[in-house]
Each structure stands twice: as C-alpha cells, then as structure tokens.
Amino acid sequence: PHSTHPPSPLPPRPRLLQSLGSCSRRAATYAASSPSPSPPGWPRPLRYAVLGAGFAGLSVAWHLLKQSPKDSRVSVDVYDENGVGGGASGVSGGLLHPYSPKAKLLWRGGEFWKESMDLLRSAEKANGTAGSDGASRDDEALIWRRGILRPPTTEKAADILLENAQSCLQSCSLQVLDSDAAQRLIPGLRVPLNLAIYMPLALNINPRKYLQALFSACQNVANEASASSSEQKEFNLYNEHIDNLHQFSGDYDAVIICLGGKASSLPELTNKLPLRTCRGVIAEFRLPSDTVEKYGSRSPSILSDAWLAFQGPRTVSVGSTWQWKSDNHDPSVSNEEARSAMEELLPKASAVYPGISKWDYVRARAGIRAMPPLTANGSLPLLGCLNDVIGERSNSAFWLVGGLGARGLLYHGLAGKLTAKAVISSDENMIPSEFTCWKAVK
C-alpha cells in the first residue's frame, strides 16, 4: 500500500480518457477533495500529468504543487502501473553524496545535494520521523545517518582520492583517514593502502520508504492548499500502463515523462532519446540470528568497487552489477542471474569487508537504469520540452526528465525543481542549457 489511509473517492477522470472508454482506470490513492466549481473570476484549472512515480516523477509532482501560482487551481495526476517506487528507483542502493566515486565534487554538486536534502526533509516530515541514527527500529528507518567510507584498492585511485579530498563541500565534508581510524569506525575493515576517505554527512536512504513518504508529502501539500479559500490543489495516482502519449494529448496543459528506462519504449520517442539501458542487480544479506557479533550501530556504509549499504546491525544490500543494453525490466531475479551477480559482487565486497562471508544471502532485486551520454560536465540528466523532438502538433506540452542514471537520488531534486519551473512558466529557458543541449546533437 502507498498510504496508511484508505483511498478517497475516485477523482474525476480527464475528459479524453473517458471518451477512450478507459473503464479500468482507477485512482490508487487520492489526496484532496474533488474541486468545487471555480468561483467567479478564477482562472481555469491547470492540469499536469506526470508519467512515473519514481525519484524524478515524485520530485516533479512535489515542485509542481509547491511552485504553482497562489490563488490557483492545480491538478497533478501521476501515472505508474507499478505504483510508488515500483520501478528501478525502488530497488536502488540509496547511498547519497555529491561526489563521484573518485571523490571529485560533481558539476553543480552542491546544488544537487541541497535540493535532494530539501526533499528528504519534506519526506521525513510527512513520515513523522527525523530519521534513524541506528539506535532502534532500523528496519523501519527512512534514512541512516552514519556516513559513507571509501577505501581505495589501487594506488592510482588512492592518489586521485587524496587530490580531490583537498576541496570539498562544507555541507558534505570529506575526511582522510588512515587504517587505524578507518578500522575504529568499521571493525574488521580491510584498508589495503592505509587510506580511506570518510564522508560523515553522507546518507544511506531506503528508496522505497523515502518515495512513499515523498508521496505522502505531496498529498499533504494538496490537502493543505485545498483547505484554503484562495487556492485548490488535487493530487492523484493512477495505476495504469502507459501505451503512448496520444492518450494524454489535449487533456493536460503539460505531460512530464519520468519513466526512466521505459521512456524510449513509447512509440513517439523510439530511437529519439540518447539513452542507454543498464540493468543492475543488488543482493541483500543478513547476519544469522545465532551470530553474536553484529555491524556497529555507528559504523558507516562502504563505497568501494562494490558498495555495501548497511541498514541496521544485521542487514546489508550489496551492489551493483552493470549489464549494458538490457531490455529486461523485470524486477525479479532468476536463480542463474542471482548466482552470476554473487560471483561478481562478493569478491569486490570481500576485498574491503571480509566479514561479509559470515552473512547469509537472502534475495536479489534488479532494475533498469537509463544512462545519459557523457558530456564535459559529466553524465547529466536529460531535461527539456519534447514537442520538437516528437514532431507532432498537440494541445499539450510534453516534457522529459530522463537519464538520471546511477545518481537518481542525487539528481532528482534539482531536476524536478527546474522542470517544474519551466513547465509552469511554459519556458524551457528556465532550464540551464547543459541539461537541454542533448536535443541539438544529431
């Protein structure tokens, strides 16, 4: 379930969707009462469709609700056949920091970090928690605030890490540790080169719980606005497969496509987006209940050739594999695929944390990343208006938030905010050209 509250009555269906006879369409979750007729002098309602309920989709929805003009009527309809966090976002590792694996601050990393932190705080508020420090109920935590440790395994990587550690964000600092200091943080850690980079303010997020909380935050914004006499906002979730963009044309002021690796499968966008698909498998392990030792309640997660995201004293997710050009969107993992992933991930994890051998394999899960092309500023998300790309006339404006790749958690806050501003103003120039220049590449 996406909410602890029972679904509210079915919201009004968009006009064209009714005419198509979509009798199977239903609202899985509905926030805010159906709007009453507009008072005299009010503008017509602004209607937005967001396709996808992952990191990008819910960030866009949140910012559309928050940034829409005061004294306005706004409706945001989110469409996702798998529900909130049912795609690749829900199975990602959830390690959040503004640096590359080489500890280099990413382009606009400080801004990406700030916007993601703002969304996390909104989600925590909606969830009624300030996060977990590992002291209790780790299995229910939304965020683990224990930092991340990066021990290099080659001399070249160590040199690069040391060089990049000289300049870092104050809001997410880097510390250089020797073996003794690193092993005090994580007993049993192997530090091959007597060097580790520690990010004490970096976070480990439970992606699915975070997205469910962000969804609740969107609901709250809509409810609070609709309690006002001066504005009214709707927020709806529809569990429905999206076949094409024609089914939305004419019903919305804007349609924002946030479908990750599935965006290219829409007939209107086939072979028009410079995205590569990459399937990643993540393995979950648990310490046997009869094992006396456990992972330290203050010990950070580990980022090495494989990452180890610890979610309590006895649970860890290890990831991830990289299978390029995969078209397998099935989140389930076969026994053969799981065995292959273990053969790849366990040696990398054991190289820095030999104790993983004492942990039992529980299950594996998978998702498809939509990987953008590499630019001078790194692998940046693809944003912008799609009307020229699609090449069809429509009463709706079509927009894209895609290619968040392996850094969806870091990128989603700013990508959603910039896109919402551009959508509301109907002005693509609100988005920096670094995010839209992909459209000029032929």
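This tour goes through a predicted model, one selection at a time.

**Stop 1: helix α3.** Select residues 109-127, which form helix α3. Its 19 residues should span 27 Å at 1.5 Å a residue. The end C-alpha atoms are 26 Å apart, which agrees. Now color the buried residues, among them Phe112, Trp113, Leu119 and Leu120. Glu115 and Glu124 are buried too. Just after α3, click Gly128, where phi is positive, about 75°.

Stop 2: Step back to the loop between β4 (95-96) and α3, and pick Ala103. Its phi is near 70°, a positive value in a residue other than glycine. Most residues other than glycine have a negative phi. Is Ala103 buried or exposed? Ala103 counts as buried, because its relative accessibility is 5% and the cut-off for buried is under 20%. Arg108 sits in the loop between β4 and α3 as well. Arg108 also has a positive phi, of about 55°, without being a glycine. With a relative accessible area of 27%, Arg108 is partly exposed.

**Stop 3: the nonpolar cores.** Select Leu64, Val76, Leu96, Tyr210, Phe235, Ile256 and Val401. Of the 74 residues in the largest nonpolar core, these touch the most other members. Where does this core lie? Domain 1 (46-89 + 208-273 + 375-440) and domain 2 (276-371) both give residues to it, so the core lies between them. Zoom in on Val76. Setting aside residues up to four places away in sequence, its contacts include Tyr48, Leu64 and Phe235. Another core, of 26 residues, lies apart from the largest one. Its members include Leu177, Ala182, Ala196 and Ala306.

**Stop 4: Val191.** Go to the loop between α5 (179-185) and β8 (196-199) and select Val191. Val191 is buried, at 9% relative accessible area. It touches Ser179, Ala182 and Gln183, not counting residues up to four places away in sequence.

**Stop 5: the cysteines.** How many disulfides does the structure hold? It holds 0. Cys172 is buried, with a relative accessible area of 0%. Cys278 is buried, with a relative accessible area of 0%.

**Stop 6: a cis peptide bond.** Finish at the loop between β15 (315-319) and β16 (323-324), where Ser320 is found. The peptide bond from Gly319 to Ser320 is cis, with omega near -15°. Most peptide bonds are trans.

How values were computed. Residues are numbered from 1 along each chain as its sequence is written. This is a predicted model: local features need pLDDT of at least 70, side-chain atom pairs count only at pLDDT 80 or more; totals for chains, interfaces and linings use all residues. Side-chain values use heavy atoms; hydrogens and water are left out. Helices (H or I, at least four residues) and strands (E, at least two) are DSSP runs, numbered from the N terminus. Buried means under 20% relative accessible area, exposed over 50%, partly exposed in between (1.4 Å probe, protein chains only). Contact means heavy atoms within 4.5 Å. The expected span of a helix is 1.5 Å times one less than its number of residues. A nonpolar core is a set of buried Ala, Val, Leu, Ile, Met, Phe, Trp, Tyr and Cys residues joined through side-chain atoms within 4.5 Å. Domain bounds come from an automatic or database domain assignment. A disulfide is a pair of cysteine sulfur atoms within 2.5 Å.
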